[in-house]
Amino acid sequence: MISSSYYSRALADVELDAFGQKIPEEQRAQLTRFVTYYEHLAGFDDRAAQRRITCPRLCFVGGEDRITAGTEPIADLGAIVTRHQAELEALGWPVEVIPGEDHLGAMSADVLLPRLSHFLDSVRPGTTP
């Protein structure tokens with residue numbers, strides 16, 4: 001997890017959104033919510049929480065999914081999931097890393113819907129994918 005002070009400094013410099021559009025000042029002020037979010041996650045034991053998850057689950061991510069604050073790298077989600085894929089699968093998560101897709105690309109309807117439909121069909125009682 002990144003340090004909140006690093007994240008706070010990186011967010012202070014963010015001027016453009018993911019689409020390259022200027023972020024209005026009132027919205028930039030709200031970016032501090034992310035700092036609060038990450039500060040509270042710092043002590044969260046994800047591995048312990050995994051044992052309590054009993055419902056079907058799905059993990060997919062774009063292989064190029066990287067989070068930045070301006071030009072500052074924050075997290076490389078594609079690389080993190082790839083690095084922990086075997087562990088996630090052992091915990092019951094089917095994992096797919098989608099080559100060439102970033103965060104928005106992995107959420108686009110033509111990428112998301114077939115995967116979600118297949119997943120839901122596979123976990124619905126009385127059906128086979």
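Contact here means heavy atoms within 4.5 Å. With that in hand, let's work through a few exercises on this predicted model.

**Exercise 1. Place I98 in the fold and list what I98 touches.**

Step 1: Start with the secondary structure. I98 belongs to strand 4, which covers residues 95–98.

Step 2: Check the accessibility. I98 has a relative accessible area of 6%; the cut-off for buried is under 20%, so I98 is buried.

Step 3: Collect the partners, skipping residues up to four places away in sequence. I98 touches F60, V61, G62, G63, A106, V111 and R115.

Step 4: D65 lies 33 residues from I98 along the chain, and their C-alpha atoms are separated by 9.4 Å.

**Exercise 2. Describe the surroundings of W93.**

Step 1: List the contacts, leaving aside neighbours within four places in sequence. W93 meets Q50, I53, R57, L58, C59 and L88.

Step 2: Look at R57. Its charged end sits over the ring of W93, at 5.9 Å from the ring centre.

Step 3: Turn to Q50. The side chains of Q50 and W93 are joined by a polar contact of 2.7 Å.

Step 4: Q50 is part of helix 4 (residues 46–50), and its relative accessible area of 8% makes it buried. Beyond four places in sequence, Q50 is in contact with R57, L91 and W93.

Step 5: The whole structure holds 0 aromatic pairs.

**Exercise 3. Which residues make up the largest nonpolar core?**

Step 1: Name the members. The largest nonpolar core has 6 residues: C59, V61, V81, L88, W93 and V95.

Step 2: Recall the background. In soluble globular proteins, nonpolar side chains tend to be buried together.

Step 3: Count the disulfides. The total is 0.

**Exercise 4. How many helices and strands does the protein chain have, and in what pattern?**

Step 1: Count the elements. The protein chain has 8 helices and 4 strands.

Step 2: Read them in sequence order. The pattern is α-α-α-α-β-β-β-α-α-β-α-α.

Step 3: Take the chain as a whole. Of its 129 residues, 23% are buried.

Step 4: Residues 24 or more positions apart account for 57% of them.

Technical notes: Residues are numbered from 1 along each chain as its sequence is written. This is a predicted model: local features need pLDDT of at least 70, side-chain atom pairs count only at pLDDT 80 or more; totals for chains, interfaces and linings use all residues. Side-chain values use heavy atoms; hydrogens and water are left out. A nonpolar core is a set of buried Ala, Val, Leu, Ile, Met, Phe, Trp, Tyr and Cys residues joined through side-chain atoms within 4.5 Å. Buried means under 20% relative accessible area, exposed over 50%, partly exposed in between (1.4 Å probe, protein chains only). Rings of Phe, Tyr and Trp (its six-membered ring) pair if their centres lie within 6.5 Å; planes under 30 degrees apart count as stacked, over 60 as edge-to-face and the rest as tilted. A charge sits over a ring if NZ of Lys or CZ of Arg is within 6 Å of the ring centre and within 35 degrees of the ring normal. A disulfide is a pair of cysteine sulfur atoms within 2.5 Å. Helices (H or I, at least four residues) and strands (E, at least two) are DSSP runs, numbered from the N terminus. A polar contact is a pair of N or O atoms within 3.5 Å; within protein, one must be able to donate a hydrogen and the other to accept it, and residues adjacent in sequence count only if both atoms are side-chain atoms.
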